[in-house]
Amino acid sequence: MFKKILVAIAVVFPMLAAAQTIKIGVVDSQKIIPEMAAYKTAMTELEAMDKKYKDEYMKLTTEAQKKYEEFQALAADTPAAVKERRAKELDEFSQKLAEFEQMYNADMAKQRDAKIQPVMNEVMTAIQAVGKEGGFSLIQDAGAVLYYGGSAENITDLVKARLGVK
């Protein structure tokens, strides 16, 4: 008798679990993030840093252009050793520019990650909180959804409200 009850429970339990409704939410984080004050602050700081790098790069390219023009203006009777030294200086300066550009790209990527990651974490925390409060089984970002048939609930406004974003 006890075995029959266990078998019945084993058969009925999966059916009951499958009968539960799955609540799916869709959030468009790309609409939320640009409206956040922390994101706007981060972007302003990144733009200021980018401008400083670009200003320095312009100074270096101006200096390189000046060196190149001086090299081109060398008289035909300039000794070969002088021309060779100037050519070597130009080559070294060109390498410095390339190194500066690599450093710029690496530093900007690092700074972008450092400034944007906290914003992304804040959005993720808000999405998780809305998911728990709303009883959602799954929340998908709208940017990765290939089909949205309407049975999922769009929770973008709920997440924005949670973050205090209008």
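Predicted model: local features only at pLDDT ≥ 70, side-chain atom pairs only at ≥ 80, totals over all residues.
Select its buried residues: Ala42, Leu46, Asp50, Tyr53, Leu60 and Ala64. What lies over them? Part of the cover for the buried residues of H3 comes from helix H4 (80-134). Why look at the spacing of such residues? In an α-helix there are 3.6 residues a turn, so residues three or four places apart point the same way.

Now show all of H3, residues 37-72. How far apart are its end C-alpha atoms? They are 52 Å apart, which agrees with the 52 Å that 36 residues should span at 1.5 Å a residue.

Next, go to the strands. Select S1 (residues 24-27) and S2. They pair in the parallel sense, over four bridges.

Click on Gly25. Which residues stand across from it? In S2, Gly25 faces Ile139. In S3, its bridge partner is Glu153.

Stay with S2, residues 138-141, and pick Leu138. With Leu138 they form a nonpolar patch on the surface, with about 270 Å² of accessible area together.

Last stop: Thr156, in helix H5 (residues 156-163). Thr156 counts as buried because its relative accessibility is 6%, and buried means under 20%. What does Thr156 touch? Leaving aside neighbours within four places in sequence, Thr156 is in contact with Val26, Val27, Asp28 and Ile32.

Note on methods:
Residues numbered from 1 in each chain as written. Heavy atoms only, no water. Patch = residues over 30% accessible without salt bridge, like charges linked within 9 Å, V, L, I, M, F, W, Y side chains within 5 Å. Areas by Shrake-Rupley, 256 points an atom, 1.4 Å probe, with all protein chains shown as cover. Salt bridge = Lys/Arg side-chain N within 4 Å of Asp/Glu carboxyl O. Helix = DSSP H or I, 4+ residues; strand = E, 2+ residues; numbered from the N terminus. Buried < 20%, exposed > 50% of the residue type's maximum accessible area, 1.4 Å probe, protein only. Contact = heavy atoms within 4.5 Å. Expected span 1.5 Å × (residues − 1). Pairing = 2+ DSSP bridges.
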